[in-house]
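Here are some friendly notes to read alongside the model. Take them one at a time, and keep the 3D view open as you go.

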Amino acid sequence: MNEELTMDRIVNLCRNRGFIFPGSEIYGGLANTWDYGPLGARLKNNVKEAWRRRFIQERHNSFEVDADILMNPRVWEASGHVGSFSDPLLDCRSCKMRFRADNLIDEFDPEAHADAMTKEQMFDYIKAHHIPCPNCGKHDFTDIREFNLMFQTFRGVTNDAKSVIYLRPENAQGEYVNYLNVMRSMRAKVPFSIGQIGKAFRNEITPGNFTFRTIEFEQMEFQTFCKPGDDIEHYEYFKNYGRQFFEDLGLAADHLRFHDHEKLAHYAKAACDIEYLFPSIGWGEINGTHDRTDFDLSRHQEYSGENMSYLDPYTNERYIPYIVESTYGLDRTVLALLCEAYDEEVIDEAKNDVRVVLHLKPAMAPIKASVLPLSKKLGAKAMEIRDELAKHFMVDYDDAGSIGKRYRRADEIGTPFCVTYDFDSETDGCVTVRDRDSMEQVRIPVAELRSYIEKSLQF
Ligand SMILES: [Zn+2]
């Protein structure tokens, strides 16, 4: 990552090269929604596949589920989201803009510690300090109201309280409510894990910073059900496992750090984030690992009436398992990979020649190779090579402009290899393969091309 890199450059590259577009753009957009374009969708899928490999495929006693976004509303009562998952909001009576009370206080005085204040204390503080509206400058606010962050909609044709249904604000409950199903159907024994990749929604009033904070987002979640007493060991293990996973994806070790929480949620015994050093944003959370104790399963036992306990077949002990949760923000991981990979390299200072390159790990790169015929006359043969490689991985074909320009286009989207088919290829059966990072070129037989590229794709 370039030290002077700003998020604007990432946003521009993403938009111009098909990684990420503003949501509903032709209608003027919808604040804090983003659509992944052809290359962004590939990159995102590559991250998911890497996660599946490390968390489901390579692990013992690890199971993936794909639960529905819509769940019985009682789930959110049991989880505590109906009662206490909210932001303190107030409106400016003068200009009708809505703000978070804690944000107004934090921006007025970062030392004021709004996060430790009650609703009443925040109201008194705003009044006492005569904090003005950031939009119109007046000081004329409504009372503070708690605004639930869950997206709410109605099931069926009646819009009454009985038909309220929520878009899930986190994936975890889909794993918790299937704990008994997975254990029984997979004959799982504690400790075992349930993972899930999926979308979640939070109706936040002040999101921002590109895809770092959005109202719709995707998580890769991993819940480990363990014996009480073994929880801290699992918690420490998954913190480190997570950090290693990020390094394996390609994030630099010195751009990652642990952030242990001192202030814990009521259900948690220990909590730690893994943070990444983003350009413009600074350190931001990309993973959260929590020791949730038996809170979740106890609550679901209480609210559902189902017995959530586990009978240890070896010791005959019966207990409610503790849960160690490790959640990965998929959109944030993708953003971190793009920031990490982005570079502007000076090729020739005198000519002011700079190349933009994404040093993505080949396993993460959206396109693995770009096939370039030296002349359009060689197009048919080059296309045959492209079509053969495309049976195994994503391949591009580019016959427009000079070879140098085509290299640059491939560099900019992180394509690890450019394969040039030239006039000699006809006779010697070889192609020139140019490496994205070193820019070195090697001549290799077409028959060896696939295995040459595939060996770099290991994750
Ligand atoms: Zn105002």
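1. Let's begin with a group of charged side chains. K44, K48, E218 and D331 are joined in a network of salt bridges. Please keep in mind throughout that this is a predicted model.

2. Stay with K48 for a moment, which sits in helix α2. Is K48 buried or exposed? K48 has a relative accessible area of 16%, so it counts as buried, because the cut-off for buried is under 20%. Its side chain makes a polar contact of 3.1 Å with the side chain of E218. If you set aside the neighbours within four places in sequence, K48 is in contact with I197, E218, M220 and L330.

3. Helix α2 holds another pair for you to find. The side chains of E49 and R52 form a salt bridge, with 2.9 Å from N to O. These two residues are three apart in the helix, which is about one turn. E49 is partly exposed at 47% relative accessibility, and R52 is also partly exposed, with a relative accessible area of 26%.

4. Now zoom out to the whole chain. The protein chain has 459 residues, and 49% of them are buried. Its secondary structure comes to 15 helices and 23 strands, and the C-alpha trace spans about 80 × 70 × 50 Å along its principal axes. Consider the contacts with a separation of 6 or more: 65% of them are between residues 24 or more positions apart. Across the structure there are 38 salt bridges.

5. How is the chain divided into domains? The assignment gives domain 1 (7-72 + 156-339), domain 2 (86-148) and domain 3 (367-454).

6. Next, look at where domain 1 meets domain 3. Their C-alpha centres lie 38 Å apart, and the contact takes six residues from each of these two domains. Together they bury about 530 Å², with 61% of that on carbon and sulfur atoms. On the domain 1 side, R17, L39 and R42 lose the most area to domain 3, together 68% of what that side buries.

7. Which residues form the salt bridge between R17's side chain and its partner? R17 pairs with E412, at 2.9 Å from N to O. The interface of domain 1 and domain 3 has one salt bridge, and two residue pairs are in polar contact there. Helix α2 gives the most to the domain 1 side, with three residues. That side divides into three nonpolar, one polar and two charged residues.

8. Finally, find R450 in helix α15 (residues 446-454). R450 forms a salt bridge with E454, at 3.3 Å from N to O. Why are they about one helical turn apart? Because R450 and E454 are four residues apart in helix α15. R450 is partly exposed at 38% relative accessibility, and E454 is partly exposed at 26%.

9. R450 also has partners elsewhere in the sequence. Leaving aside neighbours within four places, R450 is in contact with L389, H392 and F393. The side chains of R450 and H392 are joined by a polar contact of 3.4 Å. The C-alpha atoms of R450 and A390 are separated by 9.8 Å, although these residues are 60 apart along the chain.

Key
Residues numbered from 1 in each chain as written. Heavy atoms only, no water. Domains from an automatic or database assignment. Contact = heavy atoms within 4.5 Å. Buried area = accessible area lost by both parts, 1.4 Å probe. Salt bridge = Lys/Arg side-chain N within 4 Å of Asp/Glu carboxyl O. Polar contact = N/O pair within 3.5 Å; in protein donor to acceptor, adjacent residues only side chain to side chain. Nonpolar A, V, L, I, M, F, W, Y, C, P; charged D, E, K, R; others polar. Buried < 20%, exposed > 50% of the residue type's maximum accessible area, 1.4 Å probe, protein only.
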